[in-house]
Amino acid sequence: MRRAGWVIASWLLAAPVSAQERVGVRTGDHPGFGRIVFDWTAPPRYEAQQQGERVLLRFPRAEAVDLAGARRLPRNVIAVNRAEGGLELVLRPGTRMRHFRNGPKVALDLMDPAEGSAVPAPAAPPPQRQVQRPEPLPLPLPAPPSPEIIVAAPPQALVTVPAEPPRVIVADLPRLQPVAAPQPVAAEVPPATSAAPVAERVSGPRPLLAPAPAAPPPVPVAASLALPEPVGPLPLRPRITELPGQGPVLRFALPIGAGVAVLRRGDLALLVIETDRRIEFGPIARHPDFVGIEARSVPSAAIITWPLREGRALSLRRDDGEWLLTAEAPRGGGTPVRLEFEAERAALLLARPSRVVTLEDPLSGLPLMVGTVSGGDARQAVSRGLAEFDLLETFLGVAVLARADHLGLRSAPDRFWVGIEGGTVAVADAALATAPILSSMSRSFDFPSLPVAALLERLRAQQAEIAAAAPQLRSGARLAAAQSLLALGLPQEAQAMLRLALQENPRAARDPRLDVLNGMAGLLAGRTVEGRGLDAGLPASDELRLWHAARAAMRGEPAVAAPGFIATLPLLLAYPEGLRRRLLPAAAEALAEGGEAAAARRLMDGTRDDPAFALAQALVAEAEGNPARAIELYEAAASGRDRLMRARALRRATELKLASGRLDASGAARELEQTLFAWRGGAPEIDARERIAALRREAGEARSALALLRETEALFPERAPALRGPIQDAFLASLRSEPPLGAAALYDAHPDLLPEGRAGEEALIVVSEGLAGLDLVDRASALLGRAMERLAPGAMRAGLGARLAELRLGERDAEGALSALAASSAPRLPLPLVERRSLLAARAEARRGHRELAAEALRAMGPAGDQALAELLLEERNYAGAASVLARHLAASVPAEGELADAQQRSAVSLAAILAMAGDEAGLAAHRARYGSRITVPALARGFDALSADPVRGLADLPRLARELELFRAAPQVLEPLRTVSRGAG
């Protein structure tokens, strides 16, 4: 009997889809547009093209479209006809079409013609028409949106306005003054067909449907009167300005206290402004950043939409009485809106809330409640889906997408309330959602909330069905049995059942449900890599969202997992006990780490003594700012039998001790090393090793950090590319911190770890200078030479070659210096490096005896070679030439007034010494007058005074001569910096 029922069910499921599926059509009129929605059950491929007043819509199976729902067409559609391969829509003149997909549904928005658009006029309009009269209108009248003429009279009365006289005749409107009409108008009022008054507004000539019937004799009119010019609010005209670095800025001049909100829906930017004024954009609509911008009015607000390019965000701020709107690259910022649940309502806490504007969501068609703000930068940072409403991401303000008909949004002084009339909001921290809310959540699999005994009985029946079925027909029964095993909390057994289904019937591999179930079982078994099966391509559902959140939690991504758990927790709490107990601890931990500590605490009510929630309780205590209690709970969790929980608890406790000052970096590294044996393998161990290496570097133990990272690279070769950067950083830190000989040996052992760029060059130079300081110049030169050989031509190799040339020049090896420069040459080097290498080459040539060649090269360098040229001339005892060159260099590099840098003061003293040796008393006097008072270093000032003072001319100068003799006895110490000033500057 059971087998016969199964055969009948299989036959029914195998019925042709075309016989079951009919695509419904829904239509509706909305402010500014009409809409046609095609309710496909799966996303179709379609094409929509507009040609004038006709739209051709092509579907793969157009015959499945049921046009019965399109009997009442939107106001902008004249007819809908079937065409070859699709449908043809006939539109009214000026109507524009916009189409989009919302899940499996396809929607067409047919936009009303813009104001002032050309409408064909009739060839010969009748000279008169009939208008029914309304009751007299109260005064003053509101401003109409365009110039109009209102004709009013009691019912059954007629007024005939001749076409020629330049007056508008208005009857039965007392207290009005007669004025001349701006243009002749002809109108005739027919008898009223009912007692209800009506009014028609006439705005220029209109096409008439039929000639007016003959009018009865006109009623005498009391007076020839005209309405006074109505006065209404001026339109709001935004303007565009350009700000440096920000691009075009849209400015809105709004009164103080007017609220605004801005968000993105699909490819549309949506701006809500509290204003009763009409908005006119003018040339703004042609700006490249605001093409297609439109505005429509709703009660007490205006809605502005325009296409927003992909990857762009909106920034809205108030400045000098205006709101400034800019489109820019996405970036963080703003004050996040806080969500709290109080009693029967949800509270959105933010500063300066204003009004609530309700409109239709352009994507889903659901009610969209937008809360505006009158200032500040409050925004909803991320979208969050709850059972009955969605909090949408905004750039400013709040937006709530209502999924329940009885949901409302209300403003308060410091918040917006989301509440339900006569009920409660279904929130994530409830013990269990009510039945209607739970039934509204979509599922993909059958995990019935049954007792364990009932689930075991169900599993036995499924196993019997498997045994009775043919081998090629068992995959469906095995799929059902795998769901029962998961419901019992047996993931390994469920995976074995799914594997058997694949082995027996290879066609089962095409069923995406099998991959998704295998991914679920892999997650429960602790193998997060198998969670990829969740992306097999099943239609989206709340259940799949729950499992995606579980996968993110087990991957260590609590910020991603928390919103998913918040939205689907009622479904999780309705799972059978075996499955629920495996998922709840991960959900509580993700909520605690993802900023939902209050929801996590409420979720764990009644689980205080459950060891599965020990780590979650510690995470909640840490999130609530109680480090002492959190450390105590972490230590308690570390004493449990769960090895992964033990490792995580020990590491979290160590980090908390480090943050609270109980441990330094070295002590934290030692404690974390002990946790490596608590859990081996996978991402947790790799993350722990990288953290220990970072702490060791921070503690000054770079060599041990390098050894640990090299060991990690060998143990986990798949992570070698990601570890390359930390290993190179640790290697550079070791080169800088090790003694020179140890650093040189380390480089010789691992030359491949030296990164290219300025950091690697500086590290090698530090090592070479350390070796040179130990008089191991040959060792330093050999180190730099080997490094150059391993590098490709470029700036780093050229810099090391320059340093090697300096070392060899210091050893009077001019040939070796020139060889080092030649071996490290490269095109397109930075200008400072080119000048440095040119100076070294000139000095090497001078050392070889080619002084004229060196002097010519230095003169060609201009100011950059002046100091080296002066040094060369001094060596030739050409004091006058050296003084001229150095004076020119000082005049070009030293400001006319103000303090001098230390190097500039030393150069001024050097020039004074050279002028004194040249015997240029006039030049020395001028030099003293210019720089004497600007040398502030005491030792340099005394030397400058001694060099530039007047010569001894009598007995009165003997005390000064004695001071100068005493000074020159100390000349070797005082003038030592001057001897090498030009070399140091180069």
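User: A pocket is an open set of points on a 1 Å grid over the protein atoms alone, where a 1.4 Å probe fits, with protein on both sides within 12 Å along at least five of seven lines. So what volume does the largest pocket have?

Analyst: About 1,600 Å³, counted as the space filled by probe spheres set on the points. This is a predicted model, where local features need pLDDT of at least 70, side-chain atom pairs count only at 80 or more, and totals for chains, interfaces and linings use all residues. Residues are numbered from 1 along each chain as its sequence is written, and side-chain values use heavy atoms, without hydrogens or water.

User: Which residues lie closest to the centre of the largest pocket?

Analyst: Ala553, Met554, Glu589, Leu644 and Arg648, out of 46 lining residues (an atom within 4 Å of a point).

User: How does the lining divide by class?

Analyst: The lining has 23 nonpolar, seven polar and 16 charged residues. Asp, Glu, Lys and Arg are charged; Ala, Val, Leu, Ile, Met, Phe, Trp, Tyr, Cys and Pro are nonpolar; the others, Gly among them, are polar.

User: At what angle do α12 and α13 cross?

Analyst: Roughly 165°, with their axes coming within 8 Å (lines fitted to C-alpha atoms over the stretch in contact, angles 0 to 180 degrees between N-to-C directions). That makes α12 roughly antiparallel to α13 (over 145 degrees).

User: Which residues meet there?

Analyst: From α12, Ala614, Leu615, Gln617, Ala618, Leu619, Ala621 and Glu622 meet Arg629, Ala630, Leu633, Tyr634 and Ala637 of α13, with contact meaning heavy atoms within 4.5 Å. Nine of these residues are nonpolar, one is polar and two are charged.

User: Changing topic: how far apart are the axes of α23 and α24?

Analyst: The axes of α23 (814-823) and α24 (831-847) are 9 Å apart, at an angle of about 150°, so this pair is roughly antiparallel. Ala814, Ala817, Leu818 and Leu821 of α23 touch Arg837, Leu840, Ala841, Ala844, Glu845 and Arg847 of α24.

User: What classes are in the contact of α23 with α24?

Analyst: Seven nonpolar and three charged residues, with no polar ones.

User: Last one: how do α28 and α29 cross?

Analyst: α28 (902-918) and α29 (921-931) cross at roughly 165°, their axes coming within 9 Å. Ala908, Leu911, Ala912, Leu915 and Ala916 of α28 make the contact with Gly923, Leu924, His927 and Tyr931 of α29. That contact has seven nonpolar, two polar and no charged residues.

Conventions
Helices (H or I, at least four residues) and strands (E, at least two) are DSSP runs, numbered from the N terminus. Angles under 35 degrees count as roughly parallel, over 145 as roughly antiparallel, 65 to 115 as roughly perpendicular and the rest as oblique.
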